[in-house]
Amino acid sequence: MKTSEAIKKRYSCRSYSEKKVNKKTILELLRLANWAPSASNKQNRQFVVISDRNDREWLAEMNHQEHIGEAPVVVLVTYQRGIYFKNKEDYEKGLGDWQMRPSGEVNDLEGMWEKWGIQDAAAAVENLMLAATERGLATCWLGIMDFEGVKRKFGVPRDFEPVCLVTLGYVKPAHSQAAARQRKPIDKLVHWGKW
Ligand SMILES: Cc1cc2nc3c(=O)[nH]c(=O)nc-3n(C[C@H](O)[C@H](O)[C@H](O)COP(=O)(O)O)c2cc1C
């Protein structure tokens, strides 16, 4: 499958069959997820693979989305705080001679690193979804979460932050067609040179 085909074919699946996804496939998808770019190549994303029925039902109840319980696999995607640099000095040193720093004042390094963590995780999520699509699997990105509750339930260490859940499985045959998906005209989203 061509990349452009996978991009268009992927859709948010909210109805799964009971067919299991084998561990080898899950690992292959996560390996491909981790081929996504990441800040300083820290690969700042860790995944919790949740397949236990009670745990999936707990998640479904947690954010009132029944389809989570139906999916045979739910992947909890996290990133680690404080992984890039300790402080401004560490950052300047870490960049060395690369000159990869804004020439203006950077007054929110912490904020920038938080954004890096989310981007590292999100890039992996999209890879995961496209790779799943290529293999005939379906996914759905879920951003609604009781973040603290999820951390407690699945033993996520304090310095890790959950970003999202991704359901993964095979589509119920009767639901194999995605609902009509729409996108805004691209000229409403693009600014050339200046906003
Ligand atoms: C950050 C984010 C959070 C989302 N949260 C949810 C969610 O909680 N439940 C859900 O069913 N879909 C969720 N989605 C999926 C979107 O609703 C979906 O991507 C969008 O409607 C476009 O449809 P498509 O993915 O089929 O193209 C989320 C997507 C993103 C990127």
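Predicted model: local features only at pLDDT ≥ 70, side-chain atom pairs only at ≥ 80, totals over all residues.
**Strands, core and ligand shell**

Let me start with the pairing of strands, where E2 and E4 run antiparallel to each other and are joined over 8 bridges; within that pairing, Thr78 stands opposite Pro162 in E4. As for how covered E4 is, 7 of its 10 residues are buried.

That brings me to the interior. In soluble globular proteins, nonpolar side chains tend to be buried together. In this model the largest nonpolar core holds 33 residues, and Val74 and Leu128 are the ones with the most contacts inside it. Two or more residues each are given to this core by helix H2 (23-33), strand E2 (73-80), helix H6 (109-134), strand E3 (138-142) and strand E4 (160-169), and the largest share, 8 residues, comes from H6.

What is Val74 in contact with, once its neighbours within four places in sequence are left aside? The contacts are Ile50, Arg56, Leu59, Ile68, Leu165 and Thr167.

Finally, the ligand, which is surrounded by 11 residues, the closest being Tyr11, Ser12, Trp141, Gly143 and Ile144. By residue class, the shell around the ligand divides into 6 nonpolar, 3 polar and 2 charged residues.

Note on methods: Residues numbered from 1 in each chain as written. Core = buried A, V, L, I, M, F, W, Y, C linked by C-beta atoms within 7 Å. Buried ≥ 20, exposed ≤ 12 C-beta atoms within 10 Å, placed from the backbone. Helix = DSSP H or I, 4+ residues; strand = E, 2+ residues; numbered from the N terminus. Contact = placed C-beta atoms within 7 Å. Near = placed C-beta within 6 Å. Nonpolar A, V, L, I, M, F, W, Y, C, P; charged D, E, K, R; others polar. Pairing = 2+ DSSP bridges.
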